[in-house]
Amino acid sequence: MGQMMSCIQPQQLGAFFDGQLPDAQRAQVQDHLKQCPDCMRQLADLSALRDRIVEFQSGDPPPELWQSIEESLDAKEHRDSAFSVRQLVQLTVRRKLAAAASIAAAIGIIGFAAYWFGRGEPVQAAAIDFSILLDSLSDGAVEAFDQFVAHHGGRLIDPANAHRQAPRLDFEVPAELPGGWRRENTYQLDFGGTPGIAARYARADGEILATVFHPPVKTEDFGSHRDFPCVIGKHRGHSVQVGDWRMVHLTDPSTCHCVLIRDTDDDQLAGVMSAIAPRSEPVQNNDH
Amino acid sequence: MTESEILDGCRRGDRQAQRELYLRTSNRIHRLLLRMIRDSEAALDLAQATYLKAFTRIGQFDGRSAVATWIYRIAVTEALQYFRRQGRDVDAADSLDIVDPAPDSARVADVRMDIEDALGMLDPVDRTILLLRYDEGHDYRAMAEILECAEGTIASRLHRARQRLRLALKNGYCLEEDAPAAHQMR
């Protein structure tokens, strides 16, 4: 009988149990298990743990769940952008029946208001839909940014007028940013009737960087992407990573300052943030 | 209906295709959310949010994973954002020490813990990892896709989550770091 290999590391045994080891390692573990009662016990323990996890009994979701989804989809089709998806979700299953009458009335009022005040102009979504930008990055950052700008009614403006276009926001759109970025275009955006500002920067190597400024009370929608808390320089905020791209959001009481950038370190980002939010004070939380 | 037909239909906004996709996935998505959140009403709200997002963004599904995996990812994202809105730290495992008290320790609970309570004591990401693997049967690759992390980290995260779950089951309510969180979940 050959010399027995030392006992299997718990993490490796877990991967073996999960059927996730490559064939060669799997064969080694199997050989070891044949002659090691301790590891066999560990394996049995994993099996028992799994059995306990799956023992949970749950029924089917109630039929009201599909009904609510269908009603929300119908409502969305009828007045496409009067509600954002996030607002539609507020039509919760549990409140569905009780709220049905008032929601129908609200849709009617909003629809009328959209017609009366918009006079045929599309009503912009109240939420800030960053998912349009993040999901399209693989098609090209410029195209993704243009789609985002178009979705929020972007209008090209003279950067010198940016503060006048969004007087409640505190931000800067300098002609240059640390790292060799030069401003290309500046836009006024419409976040459900509230103005925001965006700017696109380019570097000599063709890379782009985008900044977006919006009121902190507006809801951000990152689609299927997740945001994580982060600290950039003196500020706390949150960021979303999509491949090499990173979208960082730093918020102060007046403004959320967002930067979309690729392949950068925190020091360079801190310099960019200081340039676009020079008066922003650190905040103690990352809430929006 | 094949998955391809369902996807094409969903992209056109066809309600029958949307319902088919819902019927094929909703039991599992609802179950996962229910076990992650441990609040039946909130789980329904999040399931609704998940499907609304899936149907309104189906054009952005790139086909690199199964559509069900993509829906899981939306559901998990919704659930973790729910925890953040509740002020919960969703991924506290790195900062927690795992302490295995001696069997005669006064801290050892008298009552053997229910599996749901034990899962509820874990941070949401650890709980999600265990549920995705053992309750939902996802392989490491799909789990990495759903959790938007590197595949190589799944084995170590699973190992740590199993350790913590084992301790919770063994020691009852003595994982002091997590105990308040468990009560918040109720």
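**Exercise 1: The pocket lining**

Task: Determine which elements each supply at least two residues of the lining of the second largest pocket.

Solution. Step 1: the elements are α7 and β9 (235–242) of chain A, together with α4 (67–85) and α7 (140–147) of chain B. Helices (H or I, at least four residues) and strands (E, at least two) are DSSP runs, numbered from the N terminus. The model is predicted, and local features need pLDDT of at least 70, side-chain atom pairs count only at pLDDT 80 or more, and totals for chains, interfaces and linings use all residues. Residues are numbered from 1 along each chain as its sequence is written, chains are lettered from A in the order in which they are written, and side-chain values use heavy atoms, without hydrogens and water.

Step 1: the space in this second largest pocket is about 730 Å³. A pocket is, on a 1 Å grid over the protein atoms alone, an open set of points where a 1.4 Å probe fits, with protein on both sides within 12 Å along at least five of seven lines; lining residues have an atom within 4 Å of a point.

Step 2: there are 27 lining residues, and the closest to the centre are His225(A), Val242(A), Asp62(B), Arg64(B) and Arg73(B). By class, the lining has nine nonpolar, nine polar and nine charged residues.

**Exercise 2: The interface**

Task: Describe the extent of the interface of chain A and chain B, and its salt bridges.

Solution. Step 1: 51 residues of chain A are in contact (heavy atoms within 4.5 Å) with 57 residues of chain B.

Step 1: the buried area (accessible area, 1.4 Å probe, lost on putting the two parts together, summed over both) is about 4900 Å², and carbon and sulfur atoms give 55% of this area.

Step 2: five salt bridges (a side-chain nitrogen of Lys or Arg within 4 Å of a carboxyl oxygen of Asp or Glu) are found across the interface. One of the salt bridges joins Arg133(B) to Asp18(A), at 3.2 Å from N to O.

**Exercise 3: A link within chain A**

Task: Locate the two partners of the salt bridge between Arg262(A) and Glu207(A).

Solution. Step 1: the closest N and O atoms of this pair are 2.6 Å apart.

Step 1: Arg262(A) lies in strand β11 (residues 256–262), whereas Glu207(A) lies in the loop between β5 (194–202) and β6 (208–214) of chain A; the pair links distant parts of the chain, 55 residues apart.

How values were computed
Contact = heavy atoms within 4.5 Å. Points joined across faces, edges and corners; volume = space filled by probe spheres on them. Nonpolar A, V, L, I, M, F, W, Y, C, P; charged D, E, K, R; others polar.
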